[in-house]
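This report goes through a protein chain feature by feature. Please keep the sequence and the 3D view open while reading.

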Amino acid sequence: MASLLIIEDDTTFAQLLEVFLTKNHHQVEAVVNVQQANKLLDKQDFDLLLIDYRLPDGTGLDVLTKVREKGIVVPVIIMTSFNDVRTAVRSIQLGAFDYITKPVNPDELLIMINNSLLKKESKDKLNSEELSDFIKGKSAIADKLYAHIDLVAPTDMSVMIQGESGTGKEYAARTLHLQSKRKDKPFVAIDCGALSKDLAASELFGHVKGAFTGALNDKKGQFETANGGTLFLDEIGNLSYEVQIKLLRALQERTIQPLGSTKQVKVDVRIIAATNDDLTKSIQQGEFREDLYHRINEFKIQLPPLRERGKDLELFISHFISLANKELQRNVKTLASDAKSLLLQYDWPGNLRELRNVIKRMVLLSPGEEATTAALPDEMIIAINQSPISNQSDLKAINEVNEKTLIDRNPDQSKVQ
């Protein structure tokens, strides 16, 4: 049973819709104007909004705009008596799922509602499955990692995720968000390393028109965009000292002040930060504020590098082969024994990101059901062999050295073969 909100000033029509949708196993509430809708949306969550375009105190697009500004992620269907293409386009641009003209065909509307709910459910399920598959494993270290995620996810504690590049820090952050009470609100990810010193404060806190050269319009910051949800600050150690001061104040006071503005804006966000650096060293060097570090480090999650995940590596290899087969329309079912040995021997400095790319390339270069060493990158084989011949570009010669190494390491296995 889905919870639906009808925003329609024609009370007779709204009652007919309410009776019809209730008979079709939906829970329905109805209001007659924009003001009532905004008040109800502040107090209650809905699975879908059915909004009339023309309302006594505004339009359906006003409601839709407000919904998006609040970060409410919910399917919206706009109804109107005016078959206006421009209205339809504006509705879709603002994030409406669909658009229907009056007089409304009940069966058509029901199909539209069910489709929108199914699409949202499928998307949420797909995101959840992708996240779980990407970083989950069956090793003891994976069990510990997910025990920590399960423990802290339902809370509002700030979380620091630490790990090497490519270990899946953003996926861990998204998993925390999906398992939290904020899961239906926005998840906003910011790469702090990509923010220039001049624009970082504007990106985080927003600005008003004329705040600085080039500020031609008001701009909402990512704190406001993430309001009610989760703000993920990746590579937080790259923020300038000045922005760190503003960030600390925002977290302590739960308010932000857009650049050039005198107004304080209340925000409610959960902070998840990530870094591949040791921030304690940055603190000692005067590059990172200690008070900010303790504020964002209420709970630390350490993501292990791939080389320390034991048997999980084989699970990830199998998973990424399946993904690549589907994406590239290949049918790789097995790995040649020497190719598998190479994948297991390599230390994966780029972790899961590197593994995924290598497997994708391997599958692309494997037209048959078996993938061989010929489909692996030369530099990977060179790194494993660590021999004088590894400076050569002749793949056949490199493979011969690798085969000899494997035989020396596994004499019993070579006899069986």
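## A residue in helix 3

V67 has its place in helix 3 (residues 60-69). Helices here are DSSP runs of H or I with at least four residues, strands are DSSP runs of E with at least two, and both are numbered from the N terminus. V67 is buried, with a relative accessible area of 1%. Buried means under 20% relative accessible area, exposed means over 50%, and partly exposed is in between, with a 1.4 Å probe and protein chains only. The C-alpha atoms of V67 and N38 are separated by 8.2 Å, and the two residues are 29 residues apart along the chain.

## About the model

This is a predicted model, in which local features need pLDDT of at least 70, side-chain atom pairs count only at pLDDT 80 or more, and totals for chains, interfaces and linings use all residues. Residues are numbered from 1 along each chain as its sequence is written, and side-chain values use heavy atoms, with hydrogens and water left out.

## Helix 15

Helix 15 (residues 351-364) has 14 residues. From its first C-alpha to its last, helix 15 reaches 20 Å, close to the 20 Å expected at 1.5 Å a residue. The expected span is 1.5 Å times one less than the number of residues.

Which residues of helix 15 are buried? They are N351, L352, E354, L355, V358, I359, M362 and V363. Seen down the axis of helix 15, these buried residues fall within an arc of 160°, so they line one face of the helix. The arc is that of the directions from the helix axis to the C-beta atoms.

## Aromatic pairs

A pair of aromatic rings is described by the distance of the centres and the angle of the planes. Rings of Phe, Tyr and Trp (its six-membered ring) pair if their centres lie within 6.5 Å; planes under 30 degrees apart count as stacked, over 60 as edge-to-face and the rest as tilted. By this rule the count comes to 4 aromatic pairs. One of them is formed by F205 and F223, whose ring centres are 5.5 Å apart with the planes at 25°, so the pair is stacked. This pair links distant parts of the chain, with F205 in helix 8 (residues 200-205) and F223 in helix 9 (residues 222-225), 18 residues apart. Both F205 and F223 are buried.

F316 and F320 also form a stacked aromatic pair, at 6.3 Å centre to centre and 20° between the planes. They are 4 residues apart in helix 13 (residues 312-328), so about one helical turn separates them. F316 and F320 are both buried.

## Helix 13 against helix 14

Helix 13 packs with helix 14 (residues 337-345) at an angle of about 120°, and their axes are 10 Å apart. Axes are lines fitted to C-alpha atoms, for helices over the stretch in contact, and angles run from 0 to 180 degrees between N-to-C directions. Helix 13 and helix 14 are therefore oblique to each other. Angles under 35 degrees count as roughly parallel, over 145 as roughly antiparallel, 65 to 115 as roughly perpendicular and the rest as oblique.

## Backbone features in loops

Most residues other than glycine have a negative phi, and most peptide bonds are trans. The peptide bond from K102 to P103 is cis, with omega near 0°. P103 lies in the loop between strand 7 (98-101) and helix 5 (106-135).

H25 is not glycine, yet its phi is positive, near 70°. H25 sits in the loop between helix 1 (11-23) and strand 2 (27-31), and H25 is exposed, with a relative accessible area of 60%. E235 has a positive phi near 55° and is also a residue other than glycine. E235 is in the loop between strand 12 (230-234) and helix 10 (241-253). Is E235 buried or exposed? E235 is buried, with a relative accessible area of 14%.
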